[in-house]
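Welcome, and thanks for taking a look at this one with us.

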Amino acid sequence: MALRLGDTAPDFTAETTEGTINFHEWLGTSWGILFSHPKDFTPVCTTELGKVAKLKGEFDKREVKVIGLSVDSLESHQKWVPDINETQGTAVNFPLIADPERKTAILYDMLDPQSENNLTARSVYIIGPDKKIKLMIVYPASTGRNFEEVLRAIDSVQLTANFSVATPADWKDGGECIIVPSVSDEDAQKKFPKGFNRVKPYLRTTPQPNR
Ligand code: BEZ
């Protein structure tokens, strides 16, 4: 059955460019991003992995561990990484899972049904320290992802986890947040010392709590 938001991220053990990893053990108490790309030695994937490597500082700041996956072999990953480093001006600084038997791809429903060769789509799973799936994104092979948007999404789910706020359309870090409906007005007064604006009983905004 397909994974759903709130499900426990399935555990697995896999070969990666940084050795054998047991996923839950490797995550420890961190947040995690598991993301797939369709194929090694392809142009869009090369740019994506370079971009993720360059954003390592941003992921670290948010206590997020990042791990990539494709259905290529470990040997293929190891041959491709120097190309990414060379062409993208970076050093790949996160593990890449080798999944030639598609075990993990199937576990996470990452295979692209449109792909002739049973390749992975561009899936992203954001996983909380409780190992629950907080957010999922799937892009087709032809569309490179916007990893600034992935960071924005992490910021949003972390705000919800830590402060009981949601984020409105097009929210950016530092913008007004929305108090989740499960918090009463009375509790909101205690929880949000910066105050809140009751536009409608169901629409209450408050300054971003951690800014
Ligand atoms: C790419 O990364 O460029 C790519 C991979 C598979 C299909 C299409 C594009």
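**Salt bridges, ligand shell and cysteines**

Lysine 39 and aspartate 72 pair through their side chains in a salt bridge, with 2.8 Å from N to O. Please keep in mind that the model is a predicted one.

**The lysine 39 and aspartate 72 pair**

- Lysine 39 has a relative accessibility of 34%, so it counts as partly exposed.
- Aspartate 72 has a relative accessible area of 7% and is therefore buried, because the cut-off for buried is under 20%.

**Other salt bridges**

- The count of salt bridges comes to 16.
- Aspartate 155 and arginine 62 form one of them, with their side chains meeting at 2.6 Å, N to O.
- That pair also links distant parts of the chain: aspartate 155 lies in helix H6 (residues 147-163), arginine 62 lies in the loop between helix H3 (56-61) and S4, and the two are 93 residues apart.
- Are these two partners buried or exposed? Aspartate 155 is buried, because its relative accessibility is 15%, and arginine 62 is buried with a value of 15%.
- Aspartate 155 and arginine 62 also belong to a network of salt bridges that includes Glu58 and Lys61.
- Glutamate 149 and arginine 152 make another salt bridge, in which the closest N and O atoms are 2.6 Å apart.
- Glutamate 149 and arginine 152 are three residues apart in helix H6, so about one helical turn separates them.
- Glutamate 149 is partly exposed at 30% relative accessibility, and arginine 152 is partly exposed at 28%.

**Around the ligand**

- Threonine 42 places a polar side-chain atom 2.9 Å from an oxygen atom of the ligand.
- Valine 44 uses its backbone instead: one of its polar backbone atoms is 2.7 Å from a ligand oxygen atom.
- Cysteine 45 likewise has a polar backbone atom 2.8 Å from an oxygen atom of the ligand.
- On its own the ligand has 260 Å² of accessible area, and the protein covers 74% of that.

**Cysteines**

- How many disulfides does the structure hold? The number is zero.
- A disulfide is a covalent bond between the sulfur atoms of two cysteines.
- Cysteine 177 has a relative accessibility of 0%, so it counts as buried.

Terms used: Residues are numbered from 1 along each chain as its sequence is written. This is a predicted model: local features need pLDDT of at least 70, side-chain atom pairs count only at pLDDT 80 or more; totals for chains, interfaces and linings use all residues. Side-chain values use heavy atoms; hydrogens and water are left out. A disulfide is a pair of cysteine sulfur atoms within 2.5 Å. Buried means under 20% relative accessible area, exposed over 50%, partly exposed in between (1.4 Å probe, protein chains only). A polar contact is a pair of N or O atoms within 3.5 Å; within protein, one must be able to donate a hydrogen and the other to accept it, and residues adjacent in sequence count only if both atoms are side-chain atoms. Accessible areas come from the Shrake-Rupley method with a 1.4 Å probe; for residues, only the protein chains shown count as cover. A salt bridge is a side-chain nitrogen of Lys or Arg within 4 Å of a carboxyl oxygen of Asp or Glu. Helices (H or I, at least four residues) and strands (E, at least two) are DSSP runs, numbered from the N terminus.
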